[in-house]
Amino acid sequence: MIDQLMNKTHDESRQGEAYAPFVRDPNEYRKRFYIESYGCQMNFADSEVVAAILNQEGYGATRELTEADLIFINTCSIREKAEQTVRKRLTEFRKLKESKKGMLVGVLGCMAERLKAQFLEEEKLVDIVVGPDAYRSLPALVSEAESGQKAVNVLLSRDETYADISPVRLDNNGVSAFVSIMRGCNNMCSFCVVPFTRGRERSRDASSIIRECRDLFENGYREVTLLGQNVDSYYYVDENGQETVTFARLMEAVASISPLLRVRFSTSHPKDITDEVLYTMARHENICKYIHLPVQSGSTRILQLMNRTYTREWYMAKVDRIREILPECGISSDIIAGFCTEEEKDHADTLAVMAYSRYDMSYMFIYSERPGTLAQRRYTDDIPEPVKKRRLQEIVELQNRLSLESNRADIGKTFTVLIEGDSKRSDQDWMGRNSQNKVIVFPKKAGSSLKAGDYADVRVHDCTQATLLGNLI
Ligand code: SAH
Ligand code: SF4
Ligand code: F3S
């Protein structure tokens with residue numbers, strides 16, 4: 001099946017349009033747009049789709065806000081703070097708009113979807129509001145706005161995946177790229193706004209994904225991250241109903257493009273990651289041994305209120321299974337502190353699951369009630385702010401310890417590192433990642449021809465909590 005799939009896409013890739021990996025010279029275009037993105041990787045990937053749609057209409061991307069005729073802000077609603085950041089940014093745009101006649105401001109993404117036309121009333125300077133499934137209508141909306149109307153499209157779709165659009169790579173290092181494989185989410189975690197802002201889950205045509213990944217590889221990219229809110233529930237059935245592609249099969253097909261192309265993915269819902277996925281990872285050296293497996297809470301009672309559909313024991317058994325099939329696998333997590341009714345013993349359960357799982361890294365948050373979610377309708381956001389903060393602090397401190405322990409355990413080991421570019425601190429050092437997604441910094445060697453996109457074997461001799469330090473061998 002995979003071979004069939006590969007052949008089919010191979011032919012298609014020859015017929016496809018030329019791939020435009022970089023932002024072209026803005027002077028080629030009649031108008032310029034500036035786009036700023038917030039939120040998850042999917043939002044960043046969407047901005048690249050938006051850039052492609054605008055490019056086709058004769059708009060060129062610019063990195064200079066002051067050069068722009070159109071300013072877009074791709075927004076996130078996941079926590080209240082994320083929305084506040086956007087509002088603040090919009091007031092800065094207002095000043096610019098006052099000084100530049102004809103400049104338009106558009107709000108894209110999840111906050112646009114959540115607030116819809118209400119946005120236009122709340123933020124008078126906003127001219128265009130577009131939800132995540134309506135980006136194809138952007139050029140028409142821009143024209144409407146240019147003629148002085150307020151332009152809104154927040155329709156969600158059951159089938160839009162932007163499968164045929166080759167994203168314009170915006171802030172890219174030319175080495176690693178995100179590839180969106182599905183959209184929306186059918187889970188109903190009670191705290192989460194995503195099902196409301198992104199709509200129903202749908203999987204993108206497998207052959208278009210493989211084609212995009214192959215194009216990236218042929219353009220020098222060496223790493224793709226397959227993106228979805230819940231990648232393990234990827235499931236594509238072709239138009240004839242003949243071929244079905246699971247996430248494991250998709251990953252295998254992408255990994256087969258070249259052993260030099262690394263494959264990553266994000267995010268896995270613990271309930272959906274299967275042995276088939278783990279064995280596929282084990283079979284392919286170039287599928288990175290790293291799983292982001294958000295636990296959210298370590299308390300079964302809280303997990304039930306969150307509607308996560310697993311228990312603490314079930315989650316820990318999943319971690320055991322990963323360690324059994326993939327002994328070298330890195331694991332990271334998302335954790336929420338202070339969800340409704342959380343008691344000290346629930347919090348202690350979270351700390352215990354973290355220690356058990358030995359996370360290499362976690363994203364840690366204070367619970368933020370979101371309008372319209374199940375939790376907001378059913379439960380009271382009853383944990384006082386200082387308690388939430390203290391619990392978060394304890395979670396962060398434990399994670400810092402776990403990260404340092406995990407990094408220390410790597411001292412003396414040798415890893416194959418994909419070089420992404422100069423290290424942040426010095427152009428005398430390279431920065432790259434190992435398969436486990438850990439950042440490794442190591443000195444460049446005089447006379448060496450290594451460059452970004454190359455693989456290097458590096459032995460670790462020291463570490464900080466966030467970084468491994470090594471030397472070329
Ligand atoms: N689809 C991914 C998560 C996407 S949102 C998954 O299921 O794992 C990223 C993270 O934001 C979540 O994992 C969760 O930890 C956090 N988050 C989501 N809603 C939140 C809220 N209302 N308050 C605080 N954190 C939240
Ligand atoms: Fe939100 Fe849950 Fe869907 Fe993740 S799986 S996007 S947390 S509803
Ligand atoms: Fe935020 Fe929307 Fe992503 S709410 S986290 S940008 S899906």
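**View 1. Thr 341 sits in the loop between strand 15 (330-337) and helix 13.** Helices (H or I, at least four residues) and strands (E, at least two) are DSSP runs numbered from the N terminus. Thr 341 is not a glycine, yet its phi is positive, at about 70°. The model is predicted: local features need pLDDT of at least 70, side-chain atom pairs count only at pLDDT 80 or more, and totals for chains, interfaces and linings use all residues. Residues are numbered from 1 along each chain as its sequence is written, chains are lettered from A and ligands numbered from 1 in the order in which they are written, and side-chain values use heavy atoms, with hydrogens and water left out.

**View 2. Helix 13 (residues 344-357) packs on helix 15 (residues 385-408).** Their axes come within 10 Å and cross at roughly 15°. Axes are lines fitted to C-alpha atoms, for helices over the stretch in contact, and angles run from 0 to 180 degrees between N-to-C directions. Helix 13 and helix 15 are therefore roughly parallel (angles under 35 degrees; over 145 is roughly antiparallel, 65 to 115 roughly perpendicular, the rest oblique). Helix 13 passes helix 15 in a right-handed crossing (the near helix is turned clockwise from the far one by less than a right angle; anticlockwise is left-handed). Helix 13 supplies Glu 344, His 347, Thr 350, Leu 351, Met 354 and Ala 355 to the contact (heavy atoms within 4.5 Å). From helix 15 come Val 387, Arg 390, Arg 391, Glu 394, Ile 395, Leu 398, Gln 399 and Leu 402. By class, the contact has 7 nonpolar, 3 polar and 4 charged residues (nonpolar: Ala, Val, Leu, Ile, Met, Phe, Trp, Tyr, Cys and Pro; charged: Asp, Glu, Lys and Arg; polar: the others, Gly among them).

**View 3. Helix 8 (residues 206-218) packs against helix 9.** The angle is about 30°, and the axes lie 10 Å apart. The two helices are therefore roughly parallel. Helix 8 passes helix 9 in a right-handed crossing. Ala 206, Ile 209, Ile 210 and Cys 213 of helix 8 face Leu 250, Ala 253 and Val 254 of helix 9. This contact has 7 nonpolar residues, with no polar and no charged ones.

**View 4. Helix 9 (residues 247-255) also meets helix 10 (residues 275-283).** The axes come within 9 Å and cross at roughly 15°. Helix 9 and helix 10 are therefore roughly parallel. The crossing is right-handed. Phe 247, Ala 248, Arg 249, Met 251 and Glu 252 of helix 9 touch Glu 276, Val 277, Thr 280, Met 281 and Arg 283 of helix 10. The classes are 5 nonpolar, 1 polar and 4 charged.

**View 5. A cis peptide bond joins Ser 266 to Thr 267.** Omega is near 5°. Thr 267 belongs to the loop between strand 13 (262-266) and helix 10.

View 6. The shell holds Cys 40, Asn 43, Thr 75, Cys 76, Ser 77, Ile 78, Cys 110, Val 194, Arg 198 and Gln 229 (a residue is near a molecule or strand if one of its heavy atoms lies within 4 Å of it). It divides into 5 nonpolar, 4 polar and 1 charged. The assignment also gives domain 3 (414-472). The centres of domain 1 and domain 3, taken over C-alpha atoms, are 36 Å apart.

**View 7. Ligand 2 has Cys 185, Asn 187, Cys 189, Phe 191 and Cys 192 among the residues around it.** Val 194, Pro 195, Gln 229, His 269 and Arg 308 are also around ligand 2. This shell divides into 6 nonpolar, 3 polar and 1 charged.

How values were computed:
Domain bounds come from an automatic or database domain assignment.
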